[in-house]
Amino acid sequence: MKSNMAKRFQDLSSKRQFHWTAKISNEEAEVEEYPSLNPSSNKNITSKVTPEVSRTNSKSSSLNTIHDNKTDDKNLNQESATATSSASVTTTRRKLQTITVARLKSVLIAIGRNRIHFQQGLGTRVVGTLFGHKRGYVHFAFQKDPNSQPAFLIELATPITVLVQEMASGLVRIALECDKEEEKKVGKLIDEPKWKTYCNGKKCGYATRRECGPKELQILKVVEPISTGAGVLPGNENGVADSGDIMYMRAKFERVVGSRDSEAFYMMNPDRNGAPELSFYLLRV
């Protein structure tokens, strides 16, 4: 009886032990099947994930740093481009200002030269003196002022008596023409040496430019106080002439410049009525 009871007790204890062992093994199997439930495995996973997260964070921070560096580079490039463009604009303005100042200086210098040349030459109002011996030819002189050197002195091939007769009959138009030489550099019109002469449309030979000598200067000096008028100077008075009396006519003329190849001189009447009695035309054709 006791032996039977002992066997049953052993059997029950062995079954319980089997069931406990089986239960523990099942729990371990479940733990292996679901490793997330295991604390140690969670620690391993956490330890694995943490470096990955740190790597991700480091990557993102490096990307942010690169982006910031690129942004800074772009800003620096923009600032340098802006500075370069502003410098180029400043340089261009300075160049333009320099060119403008240089052009202005050249214009002022040219105006000054032209003014000096204009003062040295003839103006718009000149003094004209027609004179010659009774048996000689006509001389005509243009002066800027009554006491200045003649800027233009020419001797016509027309006797002075013939010209006086023409002027007594009416208006007189004297045209002087010279040839334009293309090979020669064109100078002042009044510096031309030789002219064809036309008096009221009729050809009257040639006229020649003369240099003002002592005799011509003496005649002009004698008539210097006369502003407008005509008359006769005694032949041997103060050594002015050596053969016969000298006829003269003196008046103010208006000078009109059409171009560098054409000029006109119109005698101004004192009464300012009617057309000018005498006109000179210089033409280069």
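User: What volume does the second largest pocket have?
Analyst: In this predicted model, the second largest pocket has a volume of about 270 Å³.

User: Which residues are closest to its centre?
Analyst: The pocket is lined by 18 residues, and C178, D179, E181, E192 and P193 are the closest to the centre.

User: How do the lining residues divide into nonpolar, polar and charged?
Analyst: There are 12 charged residues in the lining, together with 5 nonpolar and 1 polar.

User: Turning to charges, how many salt bridges are there?
Analyst: The count comes to 10 salt bridges. In general, side chains of opposite charge can pair when their charged atoms come close.

User: Which residues are linked with E192 in a network?
Analyst: E192 belongs to a network of salt bridges with K180, D261 and R284.

User: Is D261 buried or exposed?
Analyst: D261 counts as buried because its relative accessibility is 15%, below the 20% limit for that class. K180, in contrast, is partly exposed, with a relative accessible area of 39%.

User: What about D261 and R284, how far apart are their closest N and O atoms?
Analyst: Those atoms are 2.7 Å apart in the salt bridge between D261 and R284. R284 is in strand β10, residues 278–284, and the two residues are 23 residues apart. R284 also counts as buried, at 6% relative accessibility.

User: Where do K134 and D245 lie?
Analyst: K134 lies in the loop between β1 and β2, and D245 in the loop between β7 and β8, so their pairing ties together parts that are 111 residues apart in sequence. Their side chains meet in a salt bridge of 4.0 Å, N to O. K134 is partly exposed at 40% relative accessibility, and D245 is partly exposed at 30%.

User: Changing topic, which residues touch the most other members in the largest nonpolar core?
Analyst: That core has 29 residues, and F142, I174, L176, W195, F253 and L278 touch the most other members. A second, separate core of 9 residues includes A141, L153, V223 and L233.

User: What does F253 touch?
Analyst: Leaving aside residues up to four places away in sequence, F253 touches several residues, among them V126, F140, F142, F265, M268 and L278.

Methods: Residues numbered from 1 in each chain as written. Predicted model: local features only at pLDDT ≥ 70, side-chain atom pairs only at ≥ 80, totals over all residues. Heavy atoms only, no water. 1 Å grid on protein atoms, 1.4 Å probe; cavity = no way out; pocket = protein on both sides within 12 Å on 5 of 7 lines; lining within 4 Å. Points joined across faces, edges and corners; volume = space filled by probe spheres on them. Nonpolar A, V, L, I, M, F, W, Y, C, P; charged D, E, K, R; others polar. Core = buried A, V, L, I, M, F, W, Y, C linked by side-chain atoms within 4.5 Å. Buried < 20%, exposed > 50% of the residue type's maximum accessible area, 1.4 Å probe, protein only. Contact = heavy atoms within 4.5 Å. Helix = DSSP H or I, 4+ residues; strand = E, 2+ residues; numbered from the N terminus.
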